[in-house]
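Hi everyone, thanks for coming. I'd like to walk you through one model today, so please have a look at it while I talk.

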Amino acid sequence: MPVTATLRILQTSDVHMHVLPYDYFRNAPDPYRGLARAAGIIKAARAQGTTLLFDTGDLLQGTPMAALFRESAPATHPACKAIDDLGYDAVTLGNHDFNFGLETAQRLYGGMPCPVVQSNVRDLAGAPLFAPTVILKRTVIDTAGDTHPIKIGLLGVLPPQVLEWDHNKLNGRITVIDMVKAARHAARSLREQGADLIVALAHTAPASEPQPDGAENRAHDIAALPDIDVVLAGHSHRRLPGADYDGMPDVDSNGATLAGTPAMMPGANASHIGRMDLTLEHTAAGWQIAGHNAELIALKDRPASATLNAALASEHDRTTRFVTQEVATTRTPISGRGFAFGFDAGQVLMADAARWRVEQEIDLQEPLIVATAPYRVETAPDGLCLHPGPISRCDLFTLYPYPNETCVVRVTGAALKDWLEHAACVFAAHQTDVVGPLLDPAMPSYNFDTLHGLNYRIDLFGQKGDRIRDLTRNGAPITAGETLLIATSTYRANGGGQFPKTPLIWADTIPITQMIERYLEAQGSVAPDAALGWEFVPHEGQATLLPHVDDTRTEIISLGADNLQTLAQHFQLPYMRYREVGAGEHLANPVRSGRKQP
Ligand SMILES: [Zn+2]
């Protein structure tokens with residue numbers, strides 16, 4: 001009879017600073033999320049046997065608390081305190097852990113109260129930033145009650161694309177090598193160091209097709225390496241086991257394997273914790289995995305750790321004071337619900353703030369256009385609505401939740417047109433007599449850039465790549481050869497959303513939320529217009545959608561009536577009504593533009 005024992009692995013990933021069960025964007029308790037809610041599960045697991053707790057990255061960025069404590073020392077940073085309180089065995093970094101710059105990542109991970117493993121990031125001399133391999137010495141108890149030592153080898157990888165996504169912070173400072181190459185090398189080294197089991201802490205996701213060297217999602221290829229026993233993956237914010245990867249080649253979405261290797265992915269924002277029980281067999285060849293069983297446990301409504309709540313009481317108070325502080329007032333409602341129809345006062349406010357900032361910072365020789373997108377729509381389908389009155393700091397994070405900065409790029413008129421065509425791909429293909437969704441579900445709406453300072457029309461019935469009509473600035477057509485500047489986000493300029501590649505002219509040093517805050521403080525009171533400066537090419541058709549932003553302006557588009565009803569319900573558009581247009585009926589309302597002049 002071989003000796004058998006069990007080992008339990010718990011995993012969190014992509015926590016994005018959801019440490020306490022509190023939503024600082026809304027300034028209200030959050031029943032669904034929060035690492036503190038995992039405390040009971042962790043404690044119970046440890047009471048039952050040898051348990052290892054790992055986090056696979058994207059921990060430090062994502063909430064107002066993250067922005068507020070970015071300069072903290074590890075001893076006082078909420079995420080590091082949570083890692084300490086919950087007793088993590090080891091952690092690795094994700095790409096977003098570099099969002100506040102290399103120094104912040106090095107300071108906070110350098111002071112983590114547990115081992116940090118990271119195998120594919122190097123400084124320019126080729127030296128690793130963190131330990132490329134870690135061995136945990138633990139004991140397991142076999143079925144006869146005897147104790148055996150076991151060495152668990154760890155490696156950690158993150159996507160090399162971090163160099164593009166945080167180009168302005170990392171370029172020329174670090175190199176990131178291919179994840180599979182690094183994992184193979186680290187695993188070999190761990191075997192040489194005597195590791196019995198090798199667990200890859202892999203901040204990367206599976207992919208449905210074979211991936212080239214340097215690709216972003218290589219969890220499959222890491223799982224296929226002969227030395228790797230377990231893969232703890234992440235990055236895509238999806239879940240395994242579960243339906244998210246149903247049907248993907250070489251994934252057992254119920255049995256939790258990738259390429260036949262036990263694997264797990266616990267979603268994002270501390271909504272779940274992953275639990276994997278390994279059955280280990282000791283043979284002449286050492287410890288082998290004879291079986292595994294994985295499940296993801298929802299943290300919804302679980303009691304939060306009292307010790308963590310207490311340890312973070314002052315950080316929590318500081319964050320709620322920070323987010324509720326008033327920075328300005330708005331005299332008009334600010335809603336993003338009409339973003340798909342050319343109305344979004346939040347985007348207009350952000351464009352005004354970016355123009356104000358750039359005009360202060362650089363001497364403009366060329367016309368400045370500002371690019372914005374509806375950033376919050378993914379998480380808040382009913383859109384953002386700030387009522388007239390005070391604007392608090394959490395409203396700024398609601399307007400713009402990401403840790404990016406504003407930057408300025410130079411474009412030709414031709415590239416600017418391509419930029420708009422790419423943005424207009426957010427709309428699905430339309431035919432006059434076919435009812436379908438307005439938006440293409442494959443195109444995230446945060447890639448739907450509006451270019452402020454221009455006027456143009458979008459023809460929904462044109463092919464993708466040929467939808468922009470009547471593009472003008474101050475009434476004059478844009479020529480292919482002229483040059484202009486676009487103020488956009490560092491995310492976009494670094495390649496996010498695959499817009500035209502453009503030379504960088506300037507990058508801000510303060511985050512976009514802080515830029516908006518300074519603009520609002522300087523204004524004191526604002527009343528942003530909702531009109532984005534573009535409109536749909538009107539087509540007479542089966543129905544007409546009439547989004548009423550106010551009593552004086554009516555915009556008209558034509559789409560199928562069923563589609564519009566669904567759409568209006570989906571976006572809960574109180575100010576929209578639609579009506580059927582009879583065959584041959586003349587559209588009585590003239591198309592009036594809600595143009596915003598630069
Ligand atoms: Zn993430």
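I'll start with the overall picture, then go through the core, some strands and helices, and finish with confidence.

So, first of all, this is a predicted model. The protein has 598 residues, and 49% of them count as buried. You'll find 16 helices and 35 strands in it. If you take the contacts with a separation of 6 or more, 76% of them are between residues 24 or more positions apart.

Let's go inside. The largest nonpolar core has 160 residues, and the ones that touch the most other members are Leu-155, Ala-183, Ala-200, Ile-222, Val-231, Leu-232 and Ile-516. Which helix gives the largest share of this core? That is helix H11, residues 345-361, with eight residues. And where does the core sit relative to the domains? Domain 1 (3-320) and domain 2 (325-535) both contribute residues, so the core lies between them.

Leaving out residues up to four places away in sequence, Ala-183 touches Ser-119, Leu-155, Val-157, Ala-200, Ile-222, Leu-225 and Ile-228.

Is Asp-221 buried or exposed? Asp-221 has 25 other C-beta atoms within 10 Å, and the cut-off for buried is 20 or more, so this aspartate counts as buried. Its contacts, again not counting residues up to four places away, are Val-180 and Gln-211. For a sense of distance, the C-alpha atoms of Asp-221 and Ala-207 are separated by 9.2 Å, with the two residues 14 apart along the chain.

Six of its six residues are buried, so S15 is largely enclosed by the rest of the structure. As a reminder, side chains in a regular strand alternate between the two faces of the sheet. In S15 both faces are covered: Thr-261, Ala-263 and Met-265 are buried on one side, and Pro-262, Met-264 and Pro-266 on the other.

What does S15 pair with? Strand S11 (residues 230-232) runs parallel to S15, with two bridges, and there Leu-232 stands opposite Met-264. You'll remember Leu-232 from the list of core residues. Strand S12 (residues 239-240) pairs with S15 in the antiparallel sense, also over two bridges, and the partner of Arg-239 is Pro-266. Strand S14 (residues 257-258) is antiparallel to S15 too, joined by two bridges, with Leu-258 opposite Thr-261. S14 and S15 form a hairpin with two residues between them, and in that turn Ala-259 has a positive phi of about 50°.

One of the pairs is Leu-278 with His-292 in S17.

Over to the sheet with strands S27, S26, S25 and S31. It is an open sheet in the order S27-S26-S25-S31, and the pairing is mixed. Strand S27 (476-477) and strand S31 (534-536) are at the edges with a single partner strand each, so one side of each has no neighbour in the sheet. Strand S25 (residues 455-458) pairs with S31 in the parallel sense over three bridges, and Tyr-456 has Trp-534 as its bridge partner in S31. Helix H13 (residues 413-424) packs on this sheet, touching S25 and strand S26 (468-473), and its direction makes about 135° with that of S26.

One more helix before I wrap up. H3 (residues 78-86) is mostly covered, with eight of its nine residues buried. Those include Lys-81 and Asp-85 as well as Ile-83 and Leu-86. Just after H3, Gly-87 takes a positive phi of about 70°.

Finally, how far do we trust all this? The average pLDDT is 87, and 86% of the residues score at least 70. For residues 378-382, though, the pLDDT stays under 50, and the model has eight contacts there beyond four places in sequence. Residues 541-566 are also below 50, and that stretch has 76 contacts in the model beyond near neighbours in sequence.

That's my tour, and I'm happy to take questions.

Technical notes: Residues numbered from 1 in each chain as written. Predicted model: local features only at pLDDT ≥ 70, side-chain atom pairs only at ≥ 80, totals over all residues. Core = buried A, V, L, I, M, F, W, Y, C linked by C-beta atoms within 7 Å. Buried ≥ 20, exposed ≤ 12 C-beta atoms within 10 Å, placed from the backbone. Helix = DSSP H or I, 4+ residues; strand = E, 2+ residues; numbered from the N terminus. Domains from an automatic or database assignment. Contact = placed C-beta atoms within 7 Å. Pairing = 2+ DSSP bridges. Axes fitted to C-alpha atoms, helices over the stretch in contact; angles between N-to-C directions. pLDDT = per-residue confidence, 0-100.
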